[in-house]
Amino acid sequence: MLSEETAIGSYPVECVGYMRRIAQNAEDLFFEQGSAPLPPHDSGDPVRFLAYGACLVAEKSGATGLVAHTVSGTTALLLAGCRPRQPLHAISPVRRVVRSLNLAWGVTPHGVDEETDDHLRRAERFVETSALFATGDKAVITAGHVGPGQERALTNTIKLYERRS
């Protein structure tokens, strides 16, 4: 009924406001019940377990947020699928990926430059320069390093990082 009201009714703005409050209350209940983060299904995919591990580290360490360096968007989507309590910031040098991540649950995408090839250093610089993190705040960073025989950096690193300045 509410979605029909937004399409053809007389009160579309109010209706969207109600839907937003319903969704927010459902998410609040989810977190109150202690359901987050959600473990991955036993797919055998190590990147899914890495994402879950990052969410657990964020939860147990009291981190202010998660920062995922991503070139394709996959890492950010896997982290979002775990439904962490902390804000999830996806950073990417690829504009198309930044735009598409605007549609993902719980993901705040940010474009970054390609000054350095090191994904971990880009993520650390994001935490150091962003107004979203204060001095002393902790962030859980996921990033990738190119391994032997690999052409591109796959997500293979979790780091608990504390902002220094």
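1. Val-98 touches Ser-92, Pro-109, His-110 and Gly-111, when residues up to four places away in sequence are not counted and contact is taken as heavy atoms within 4.5 Å. This residue is found in helix H5 (residues 95-100), where helices (H or I, at least four residues) and strands (E, at least two) are DSSP runs numbered from the N terminus. Val-98 is buried, its relative accessible area being 16%, on a scale where buried means under 20%, exposed over 50% and partly exposed in between (1.4 Å probe, protein chains only). Between Val-98 and Val-71 there are 27 residues of sequence separation and 9.2 Å in space, C-alpha to C-alpha.

2. On the basis of the model: it is a predicted one, in which local features need pLDDT of at least 70 and side-chain atom pairs count only at pLDDT 80 or more, whereas totals for chains, interfaces and linings use all residues. Residues are numbered from 1 along each chain as its sequence is written, and side-chain values use heavy atoms, with hydrogens and water left out.

3. The sheet is open, with 5 strands in the order S3-S2-S1-S4-S5 and mixed pairing, two strands being counted as paired if DSSP finds at least two bridges between them. Strand S3 (107-111) and strand S5 (154-162) stand at the edges with a single partner strand each, so one side of each has no neighbour in the sheet. From one strand to the next the twist averages 25 degrees, with axes fitted as lines to C-alpha atoms (for helices over the stretch in contact) and angles running from 0 to 180 degrees between N-to-C directions.

4. Strand S1 (residues 65-69) and strand S2 (residues 88-92) run parallel and are joined by 4 bridges; in S2, Ala-90 is the bridge partner of Ala-68. Helix H4 (residues 74-81) packs on this sheet, touching S1, S2, S3, S4 and S5, and its direction makes about 150 degrees with that of S1.

5. Helix H3 (residues 46-61) lies across S1, strand S4 (138-145) and S5, and runs at about 5 degrees to S5. Val-57 lies in helix H3 and is partly exposed, at 31% relative accessible area. Leaving aside neighbours within four places in sequence, Val-57 is in contact with Val-140 and Leu-160; Val-57 and Val-140 are 83 residues apart in sequence, yet 7.2 Å apart in space, C-alpha to C-alpha.
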